[in-house]
Amino acid sequence: MKIGVLIKQVPDTEVPVHVRSDGSGIEESCVSWAINPYDEYAIEEALRLKEKLGGEVVVITAGPVRADDALRKAMAMGADRAIRIDVEANVLDAALTARLLAAVSVPESFDILFAGKMAVDDEQAAVPAGVAERLRWPHVSPVEEFSIDDEGRTVRLTRPTAGSTKQRIESTLPILIACEKGLNEPRFVSLPGMMKAKRKPLDVRPGAELSDEMVASFRPTRFEAPPERDPCRMIAGEPAEAAAELVRMLRDEDLL
């Protein structure tokens with residue numbers, strides 16, 4: 001079975017992000033980069049599928065040279081090889097990213113594609129659906145349970161819906177699955193895995209050769225940090241007194 005995983009390198013969520021003084025973007029010199037957290041669930045599920053049915057796991061991303069680190073980590077987890085579409089991050093939007101990822105996926109002839117449900121930097125959740133649309137594949141998101149029959153022909157999926165209910169879906173391959181937190185527990189990267197990843201193939205393909213139109217549909221014009229929140233105010237006193245004071249504050253002060 002040939003399994004593809006679409007990943008993205010994003011700023012580490014545990015590191016503070018600062019906007020440049022001119023508002024042109026984030027200050028990358030103080031940013032550490034990581035695999036998008038939801039994409040780690042996609043990598044893990046792809047590896048488990050390979051362990052069950054055999055085959056090959058290929059990770060794909062679109063981005064600058066620094067994105068090689070994310071691909072190497074995915075290969076250290078167990079992916080067999082990687083493809084990076086060489087393009088500067090500031091020219092990408094969801095539509096162009098989907099177009100490039102789909103262009104690489106077609107000749108690979110994947111049986112199944114995994115991706116994270118969204119990237120935590122922009123939270124658009126648009127790329128997996130865009131790739132599936134260009135491939136003319138079914139697409140399910142967000143998936144919190146996944147299983148496949150022993151023949152590798154039919155998948156059964158569970159996704160959350162409104163009202164705390166669940167939707168259960170059965171589909172044949174090929175299919176693109178966007179993974180939700182809790183689908184699995186991503187494995188840790190071992191030292192032997194890191195050493196092996198250095199010897200695994202990482203193919204770089206120029207983005208301009210994959211798409212006739214390398215212009216994003218939109219581009220941010222300015223970045224601004226969110227305004228700081230007002231400090232928390234504690235209300236002292238017995239419960240009845242505190243409740244009365246809270247009502248007064250809501251009525252007389254501009255708190256909302």
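Me: What makes L191, M194 and M195 a nonpolar surface patch?

Reply: In this predicted model, the three residues L191, M194 and M195 make a nonpolar patch of about 310 Å², the area coming from the Shrake-Rupley method with a 1.4 Å probe and only the protein chains shown counting as cover for residues. A patch takes residues with over 30% relative accessible area and no salt bridge, like charges being joined within 9 Å and nonpolar side chains (Val, Leu, Ile, Met, Phe, Trp, Tyr) within 5 Å; a salt bridge is a side-chain nitrogen of Lys or Arg within 4 Å of a carboxyl oxygen of Asp or Glu. L191 has a relative accessible area of 59%, and it lies in helix α5, residues 191-197, where helices (H or I, at least four residues) and strands (E, at least two) are DSSP runs numbered from the N terminus. Residues are numbered from 1 along each chain as its sequence is written, and local features need pLDDT of at least 70, while totals for chains, interfaces and linings use all residues. Side-chain values use heavy atoms, leaving out hydrogens and water, and side-chain atom pairs count only at pLDDT 80 or more.

Me: Why is L191 called exposed rather than buried?

Reply: Buried means under 20% relative accessible area, exposed over 50% and partly exposed in between, with a 1.4 Å probe and protein chains only. L191 stands at 59% and is therefore exposed.

Me: How do you know that F114 and F146 form an aromatic pair, and what is its geometry?

Reply: Rings of Phe, Tyr and Trp (its six-membered ring) pair if their centres lie within 6.5 Å, and planes under 30 degrees apart are stacked, over 60 edge-to-face and the rest tilted. By this rule the count is one aromatic pair. F114 and F146 are 5.5 Å apart centre to centre with 75 degrees between the planes, an edge-to-face arrangement. This pair links distant parts of the chain, since F114 is in strand β6 (residues 112-116) and F146 in strand β8 (residues 145-148), 32 residues apart. F114 counts as buried because its relative accessibility is 0%, and F146 counts as buried because its value is 15%.

Me: How do you know that R66 lies over the face of W33?

Reply: A charge sits over a ring if NZ of Lys or CZ of Arg is within 6 Å of the ring centre and within 35 degrees of the ring normal. R66 is at 3.6 Å from the ring centre of W33 and lies over its face. The charged end of K2 likewise sits over the ring of F110, 5.8 Å from its centre.

Me: Why is helix α2 called mostly covered?

Reply: Seven of the ten residues of α2 (residues 68-77) are buried, namely D68, A70, L71, A74, M75, A76 and M77. Just after α2, G78 takes a positive phi of about 145 degrees.

Me: What makes S109 and S164 worth a look?

Reply: Each has a positive phi in a residue other than glycine, near 55 degrees for S109 and near 60 degrees for S164. S109 lies in the loop between α3 (94-108) and β6, and S109 counts as exposed because its relative accessibility is 52%. S164 lies in the loop between β9 (154-161) and β10, and S164 counts as exposed because its relative accessibility is 73%.
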